[in-house]
Amino acid sequence: MNINECSTQLQQLSKAHSHNEMSLNDYLNARKLLLDALDLNINGVAQQAPPVDLSSTVQMPAQPAATDIAEPLDKTQPYFAKKLDTCMNFLKGSTNT
C-alpha cells in the first residue's frame, strides 16, 4: 500500500463515518488497520502490541476545585484586560488610566 492508496481509503472511511454509515468503533479499527499497513510498508515497522479499544480510553479530566486555583490559569488575561480598559477609555475620550 502506498500513501495515495491509503489516503483514498482514509477519505472513504471518513465519509462513511460522517454519513453515519459506520460506527465510531468500526471507523477507529479500520483506520488503525490502514495506518498500521502503511507504517509497515513505508517504515517496515510491524504492529507489536495487540489492538487497543480506543473508545473506552477517552475520559474527561476532573475539574479542579475553586480553592485549588491560587493564580489565574491564563497569565495574559490581566495584561489584556488593562489594555482593553485603556483602549475603551481612549475611545470614550477619557484620559483616566
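Modeller: Start with Leu91, which lies in helix H3. Keep in mind that this is a predicted model.

Colleague: Is Leu91 buried or exposed?

Modeller: Exposed, because its relative accessibility is 65% and the cut-off for exposed is over 50%. Leu91 also belongs to a nonpolar surface patch of about 480 Å². Leu84, Met88 and Phe90 make the patch with Leu91.

Colleague: What does the backbone do just after H3?

Modeller: Gly93 takes a positive phi there, of about 90°.

Colleague: How many helices and strands does the chain have?

Modeller: There are 3 helices and 0 strands. Along the sequence the pattern reads α-α-α.

Colleague: Now charge pairs. What is the general idea?

Modeller: Side chains of opposite charge can pair when their charged atoms come close. This structure holds 1 salt bridge. Asp36 forms it with Lys32, and the closest N and O atoms are 3.2 Å apart.

Colleague: Where do Asp36 and Lys32 lie?

Modeller: Both are in helix H2, residues 24-43. They sit 4 residues apart, about one turn of the helix. An α-helix has 3.6 residues a turn, so residues three or four places apart point the same way.

Colleague: How exposed are the two partners?

Modeller: Asp36 counts as partly exposed because its relative accessibility is 23%. Lys32 is partly exposed too, with a relative accessible area of 24%.

Colleague: And the cysteines? How many disulfides does the structure hold?

Modeller: A disulfide is a covalent bond between the sulfur atoms of two cysteines. Here there are 0 disulfides. Cys6 is buried, at 1% relative accessibility. Cys87 is partly exposed, at 44%.

Colleague: Let us finish with the whole chain. What share of its residues is buried?

Modeller: Buried residues make up 7% of the 97 residues. The accessible surface comes to about 8400 Å², and 57% of that belongs to carbon and sulfur atoms.

Colleague: What about contacts across the sequence?

Modeller: Take contacts between residues at least 6 apart in sequence. Of these, 47% join residues at least 24 apart.

Conventions
Residues numbered from 1 in each chain as written. Predicted model: local features only at pLDDT ≥ 70, side-chain atom pairs only at ≥ 80, totals over all residues. Heavy atoms only, no water. Disulfide = S-S within 2.5 Å. Buried < 20%, exposed > 50% of the residue type's maximum accessible area, 1.4 Å probe, protein only. Helix = DSSP H or I, 4+ residues; strand = E, 2+ residues; numbered from the N terminus. Contact = heavy atoms within 4.5 Å. Areas by Shrake-Rupley, 256 points an atom, 1.4 Å probe, with all protein chains shown as cover. Patch = residues over 30% accessible without salt bridge, like charges linked within 9 Å, V, L, I, M, F, W, Y side chains within 5 Å. Salt bridge = Lys/Arg side-chain N within 4 Å of Asp/Glu carboxyl O.
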